[in-house]
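Here's a quick briefing to read alongside the model. Have the viewer open and click through as you go.

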Amino acid sequence: MKKAKPAPKAVRGAADPAVKKVVARHAGNKGALITVLQEVQAELGYLSGQTIEQISRAMDLPASQVYGVATFYTQFRLKPVGKHLMRVCHGTACHVSGAGKISQALEDELKVGDGETTEDGKFTLETVACLGCCSLAPVMMIDSETYGRLTPDSARKAAKDF
Ligand code: FES
């Protein structure tokens, strides 16, 4: 009587080409995790759970460690982002100049909360610390374009016209 063959091990999903490419660039360097995460995010836009798993396998690091680093640093995004990033400054100068009202106007206009992406995928709205142009407070940026001395109305208009 023939012995039954053991069941094949579950086939792991192949890594995304972007993950393979980045990890290959840093092959054998487990200390390059932050750089790998930055470069993969630059390629894919954000780090999904699946991407984190792939990086963990490709770098032979525990997924919990990769996930821990990805969630510790605010530079990493774990959700997809919109086509345009709208950053509203809530640094001290902007805060005292009414940043809260600017954010509220944009949240009402775009129908999203902080950190969320509009339904059409056009904008991701984010609250950030100082954008480095405090004399223009309150300030926001849409991608690399700066909007200063905002009012709730001018912020809404900037969002509509962009
Ligand atoms: S505090 Fe807003 S730009 Fe500096």
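Is Cys94 buried or exposed? Cys94 has 28 other C-beta atoms within 10 Å, so it counts as buried. Keep in mind that this is a predicted model.

**Around Cys94**

- Cys94 sits in helix α5, which spans residues 92-96.
- Leaving out residues up to four places away in sequence, Cys94 touches Cys89, Ala99, Ala137, Pro138 and Val139.
- Pro152 is 58 residues from Cys94 in sequence, and their C-alpha atoms are 13 Å apart in space.
- One of the Cys94 contacts, Pro138, is worth a click for its backbone too: the peptide bond from Ala137 to Pro138 is cis, with omega near -5°.
- Pro138 belongs to the loop between β2 and β3 (140-142).

**Nonpolar cores**

- The largest nonpolar core holds 19 residues, and Ile102, Leu106, Val139 and Met140 have the most contacts inside it.
- Two or more residues of this core come from each of β1 (84-89), α6 (99-110), β2 (123-128) and α7 (152-161).
- With five residues, α6 gives the most to this core.
- Leu106 touches Met86, Val88, Leu125, Ala155 and Ala159, again not counting residues up to four places away in sequence.
- Another core lies apart from that one, with 13 residues that include Leu47, Ala58, Met59 and Val66.
- As general background, nonpolar side chains in soluble globular proteins tend to be buried together.

**Helix pair α6 and α7**

- The α6 and α7 axes come within 8 Å and cross at roughly 40°.
- That angle makes α6 oblique to α7.
- The crossing of α6 past α7 is right-handed.
- On the α6 side, the contact is made by Lys101, Ile102, Ala105, Leu106, Glu109 and Leu110.
- On the α7 side, the partners are Pro152, Ala155, Arg156 and Ala159.

**Helix pair α3 and α4**

- Helix α3 (residues 49-59) and helix α4 (residues 63-72) have axes that come within 8 Å and cross at roughly 125°.
- The two helices are therefore oblique to each other.
- Their crossing is right-handed.
- Ile52, Glu53, Ile55 and Ser56 of α3 make the contact with Ala63, Val66, Tyr67 and Ala70 of α4.

**Helix pair α1 and α3**

- α1 and α3 pack at an angle of about 35°, and their axes are 10 Å apart.
- This crossing is right-handed as well.
- From α1, Val19, Lys20 and Val23 meet Thr51, Gln54, Ile55, Ala58 and Met59 of α3.
- Ile55 turns up in the α3 contact with α4 and in the one with α1.

- Ala32 lies in the loop between α1 (17-25) and α2 (33-44).
- Ala32 has 17 C-beta neighbours inside 10 Å, so it counts as partly exposed.
- Asp60 has a positive phi of about 60° although it is not a glycine.
- You'll find Asp60 in the loop between α3 and α4, and it counts as exposed because it has 9 C-beta neighbours inside 10 Å.
- Asp143 also has a positive phi, about 55°, and it is not a glycine either.
- Asp143 sits in the loop between β3 and β4 (145-147).
- With 11 other C-beta atoms within 10 Å, Asp143 is exposed.

Terms used: Residues numbered from 1 in each chain as written. Predicted model: local features only at pLDDT ≥ 70, side-chain atom pairs only at ≥ 80, totals over all residues. Core = buried A, V, L, I, M, F, W, Y, C linked by C-beta atoms within 7 Å. Buried ≥ 20, exposed ≤ 12 C-beta atoms within 10 Å, placed from the backbone. Helix = DSSP H or I, 4+ residues; strand = E, 2+ residues; numbered from the N terminus. Contact = placed C-beta atoms within 7 Å. Axes fitted to C-alpha atoms, helices over the stretch in contact; angles between N-to-C directions. Parallel < 35°, antiparallel > 145°, perpendicular 65-115°, else oblique. Left-handed = near helix turned anticlockwise from the far one by under 90°.
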